[in-house]
Amino acid sequence: MRALRVAVSGGGVGGLALAQGLRRHGIEATVFESDDSALSREQGFRLRIDEFGRAALAACLPDRLYRLTEDTASRLYMPRGVSFDHRLRQIGAHRPAGTPVDRAAASIVVDRRCLRQILLTGLGGTVRFGRKVTGYRQTDDGVLVDFTGGTATADVLVIADGINSLTRRQRLPQAEVLDTGLHGVHGFMALDSEALGWIPPELLGGARPVLGPRRTTLVLGAYQPRRPFAEAVAAHAPGADIEAVHDYVKWTLVAPAGEFPATGAGLFAADPLALHTVAARMTEDWHPLLRRVIERSQRAATFALAIRAVPVPDAWPPGRVTVLGDCVHAPTPVGGTGANTALCDAALLAERLADASAGRLDLIDAIGRYEEEMRAYARSAVTSSLRGAETVFRADPLPV
């Protein structure tokens, strides 16, 4: 039997996890990534990986790389759901302080870039950088994948290139991007020993929403790896090309689009220094400690983002072109479910394609089973995140 040929459009967390998961099942995938290199993408900072995401990563990665992921992540913790007002008065908590950590249900925090480098480890020539997939054509027995600079042939094309995916529009034009009407400015501050002296522990750990006036919310979150990077890499993946990341606090200032002051070029065309000024101006009458976090942030790393989502469309007939991650079920940032659902997709699809490769399932039936199961849990994640946006970001009522 000829080996199954799988092409993946997109080398983000979901696409790379799929490539690793397929390799674990003895199937080689080719990943087409529009970025020029592993380090050219800037999408954000920390990611919460919950119990489902942890299980999916463990299923996809070689054991040594999963252990490296854990060692370069925060310690296990139970999200408390703590929130504050802009004077730093606590106004809510779903779990009391000191709640015992249940390892089976706990979360970790990883750095996005670090996780991506771990996922790239060992894939070698599997990932083709500088190759943006622009479309596809189906044949009687496969798929022709069009990308910048050429065409490839595959038995299956997996679209995993995010919320703005061109190929998702071709495969599922009914999957529409929902604009919540909220915008955000994103930044981070180094969490060195000096900063640890004045930041209270209550603001570290999981996401900490700070609710300000005019429906403005500042969400804080810390990244504190449990083991020094060089030590962790030497223990689990000697020689791997993984850039050290030091402790930091990330912040995201979210508000309705109309609350952001004019920047001249517009929020999404503004340079990082202008965006940092916007964030400082919008929080100038907030608690001094919060102003201090923004003031001490790495100004050149500030960027803007739109808060959007992709609700899961109704069932579609399965075929040789399938979808994974944000391109088909992008949640809002509330709850931190985006990376986790993409990882669950990767583990599940790798297993179903392995069934097809081994002859246990027909290929189209295997893809159909994956899509049916994926739609169920992804729809729940997106719905929960939209309801969370109405609460945490005080968004206008959002359709599901």
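**Exercise 1.** How many residues lie between strand 13 and strand 14 in their hairpin, and which residue in the turn has a positive phi?

*Solution.* The structure is a predicted model: local features need pLDDT of at least 70, side-chain atom pairs count only at pLDDT 80 or more, and totals for chains, interfaces and linings use all residues. Residues are numbered from 1 along each chain as its sequence is written, and side-chain values use heavy atoms, with hydrogens and water left out.

Step 1. Strands (E, at least two residues) and helices (H or I, at least four) are DSSP runs numbered from the N terminus. Strand 14 covers residues 217-223, and strand 13 covers residues 208-211.

Step 2. Two strands pair if DSSP finds at least two bridges between them. Strands 13 and 14 run antiparallel and are joined by 4 bridges; V210 stands opposite L218 of strand 14.

Step 3. The hairpin has 5 residues between its two strands, and R214 in the turn has a positive phi of about 55 degrees.

**Exercise 2.** Find the strand that pairs with strand 13 in the parallel sense.

*Solution.* Step 1. Strand 4, residues 83-85, pairs with strand 13 in the parallel sense over 2 bridges.

Step 2. For D85, the bridge partner in strand 13 is L211.

**Exercise 3.** Is V143 buried or exposed?

*Solution.* Step 1. Locate V143: it lies in strand 9, residues 143-147.

Step 2. Buried means under 20% relative accessible area and exposed over 50%, with partly exposed in between (1.4 Å probe, protein chains only). V143 counts as buried because its relative accessibility is 1%.

Step 3. List its surroundings, taking contact as heavy atoms within 4.5 Å. Leaving aside neighbours within four places in sequence, the contacts of V143 include Y136, A152, A154, L157, R320 and V321. V143 and A154 are 11 residues apart in sequence, and their C-alpha atoms are 5.3 Å apart.

**Exercise 4.** Describe the protein as a whole.

*Solution.* Step 1. Count the elements: the protein has 12 helices and 17 strands.

Step 2. Check the radius of gyration, taken over C-alpha atoms, against the globule rule of 2.2 Å times the number of residues to the power 0.38. The protein has 21 Å, which agrees with a compact globule because 400 residues would give a value near 21 Å. Along its principal axes the C-alpha trace spans about 65 × 45 × 40 Å.

Step 3. Turn to burial and contacts. Of the 400 residues, 54% count as buried. Among contacts between residues at least 6 apart in sequence, 73% join residues at least 24 apart.
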